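Biologist: Could you walk me through how to read the interfaces in a model like this one? I would like the general idea first and then the case at hand.

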Number of protein chains: 2
Amino acid sequence: MNVRTICLAILYDGEATGYEIRKLSVEGEYSYFIDASYGSIYPALARLETDGLVTSRVEVQDGKPAKKIYSITAAGRSVFIQSLFEKLGQDEFRSEFLLFLRFATELPQSLVEQRLSERLAEVDAELADFDRLKQQHSHPGDAWVIDYGRTCMQASRNYIEAHRGELIAMARPDTGEAAAAE
Amino acid sequence: MNVRTICLAILYDGEATGYEIRKLSVEGEYSYFIDASYGSIYPALARLETDGLVTSRVEVQDGKPAKKIYSITAAGRSVFIQSLFEKLGQDEFRSEFLLFLRFATELPQSLVEQRLSERLAEVDAELADFDRLKQQHSHPGDAWVIDYGRTCMQASRNYIEAHRGELIAMARPDTGEAAAAE
DNA sequence: CACCCCATGTAAGGCGTTACATGATTAT
DNA sequence: ATAATCATGTAACGCCTTACATGGGGTG
């Protein structure tokens, strides 16, 4: 799943600028698929236009920079849907947090405790975010995926809360030293 | 979280060759942190050795190619643990499967049904894998992380099974055409 | 007979990030 | 005043993947 595909997916439901696509991919509903930066989005859109999968028009604005609004073409829709027929790539999951927890036995108790609390707060923020997203979107596919994400996130939270004590117990008791840098 | 760090993490618990590290990162317990290929592991180990964080010795074998066995040094241990004190990177999650489901309304019912069944089978295989991993590992950090993974995976499975009907209902009813390629 | 496992490594190329360049407007 | 938001784009660089190179031994 590359930036190109995500651009087509976003444009499938309506026009957007590169700037908006980045926002959606970082903060919006698409953040559960990818996190794309300008440096990848703008070149991807340019190439999609060359390939005839999207078109653009420039809209001059008052007091703001001009926008380049992209729309998907019939060819673009077809290519995108066709790509969904192909064999799906593997889901990817990477967690520095879990690597950290795996080594709880080598780390000071206070640090482990702190990171667990931070994570719970992050998860709560994400859960609230799911609720916010859900209210905005009536598209049924969106709703399903958002509920799925929320459910998994909630399961993760429940597990962490129920079993955090075990991690703290296996960590190294704090000796006088301050639990280092940020 | 890069290949370098994963190599140190694996070597933290004992010696290994580049070949073994790749296996662990793809099939073993570390597959939940990264999926690394030879092309990244061998150069990473070479650089770690130059930097004095690991050492190696060659073991000649009968009927098999010679092995290059890497061990972590005291400096390596220290650098690795120190890296865990630093601010943690964001967890990453990417799912082509969810992107596919988001567009269920645009896809034939039979295809959606097929992909859901495939996924349930994959999840079951992964759950079995978690159980297998759990029996092998007595390291408490490992056990915690494996249980965490298993719990989240089970929650995902439950949700898919309970709500698959909604996706199938929103998909396009099959017209005569065969539900395309693989 | 073909293919997979063991085992190490290199080279080319893809895909993405970060930082840079630019600049007006609006909120704190 | 200072920073954030809007808005587009390029250039350098990093990190990893894929494919190649090599080759004996075991399995279907």
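**Reading the interfaces**

Modeller: Happy to. Across the interface of chain B and chain A, the rule finds 8 salt bridges. Please keep in mind that this is a predicted model.

Biologist: What is the general idea behind such pairs, and which residue of chain A does B:Asp91 pair with?

Modeller: Side chains of opposite charge can pair when their charged atoms come close. Here B:Asp91 forms a salt bridge with A:Arg119, and their closest N and O atoms are 3.1 Å apart. Another such pair is A:Arg102 with B:Asp142, whose closest N and O atoms are 3.1 Å apart. A:Arg102 lies in helix α5 of chain A and B:Asp142 in helix α7 of chain B, so this pair joins two chains. Over all chains, a search of the whole structure finds 33 salt bridges.

Biologist: How many residue pairs are in polar contact between chain B and chain A?

Modeller: The count is 28 residue pairs, with both residues at pLDDT 80 or more.

Biologist: And which elements of chain B supply the side that touches chain A?

Modeller: At least two residues each come from α1 (3-12), α4 (74-85), β4 (92-94), α5 (96-102), α6 (109-136) and α7 (140-170) of chain B. The largest share of that side is from α7(B), with 17 residues. By class, the residues of chain B that touch chain A divide into 35 nonpolar, 10 polar and 18 charged.

Biologist: Now for size. How much area do chain B and chain A bury between them?

Modeller: The general idea is that the size of an interface is often given as the accessible area lost when the parts come together. For chain B and chain A that area is about 6400 Å², with 66% of it on carbon and sulfur atoms. On the chain B side, B:Arg94, B:Arg102 and B:Trp144 supply 14% of the area buried against chain A, more than any other three residues. In terms of residues, the contact takes 63 from chain B and 63 from chain A.

Biologist: Do the copies meet through the same surface or through different ones?

Modeller: The same one: 100% of the interface residues of chain B are also interface residues in chain A, so the copies meet through the same surface.

Biologist: What rotation superposes chain B on chain A?

Modeller: A rotation of 180°, with 0.0 Å of shift along its axis, superposes chain B on chain A with an RMSD of 0.1 Å. The two copies are therefore related as by a two-fold rotation axis. If you want a landmark for the axis, take B:Phe93: of the residues of chain B, its C-alpha comes closest, at 2.3 Å.

Biologist: Let us turn to a single chain. Which domains does the assignment give for chain A?

Modeller: The assignment gives domain 1 (3-85) and domain 2 (96-170). Taken over C-alpha atoms, the centres of these two domains of chain A are 30 Å apart.

How values were computed. Residues are numbered from 1 along each chain as its sequence is written. Chains are lettered from A and ligands numbered from 1 in the order in which they are written. This is a predicted model: local features need pLDDT of at least 70, side-chain atom pairs count only at pLDDT 80 or more; totals for chains, interfaces and linings use all residues. Side-chain values use heavy atoms; hydrogens and water are left out. Domain bounds come from an automatic or database domain assignment. Copies are superposed by least squares on the C-alpha atoms of residues with pLDDT of at least 70 in both. Contact means heavy atoms within 4.5 Å. Buried area is the accessible area (1.4 Å probe) that two parts lose on being put together, summed over both. A salt bridge is a side-chain nitrogen of Lys or Arg within 4 Å of a carboxyl oxygen of Asp or Glu. A polar contact is a pair of N or O atoms within 3.5 Å; within protein, one must be able to donate a hydrogen and the other to accept it, and residues adjacent in sequence count only if both atoms are side-chain atoms. Helices (H or I, at least four residues) and strands (E, at least two) are DSSP runs, numbered from the N terminus. Ala, Val, Leu, Ile, Met, Phe, Trp, Tyr, Cys and Pro count as nonpolar, Asp, Glu, Lys and Arg as charged, and the others, Gly among them, as polar.
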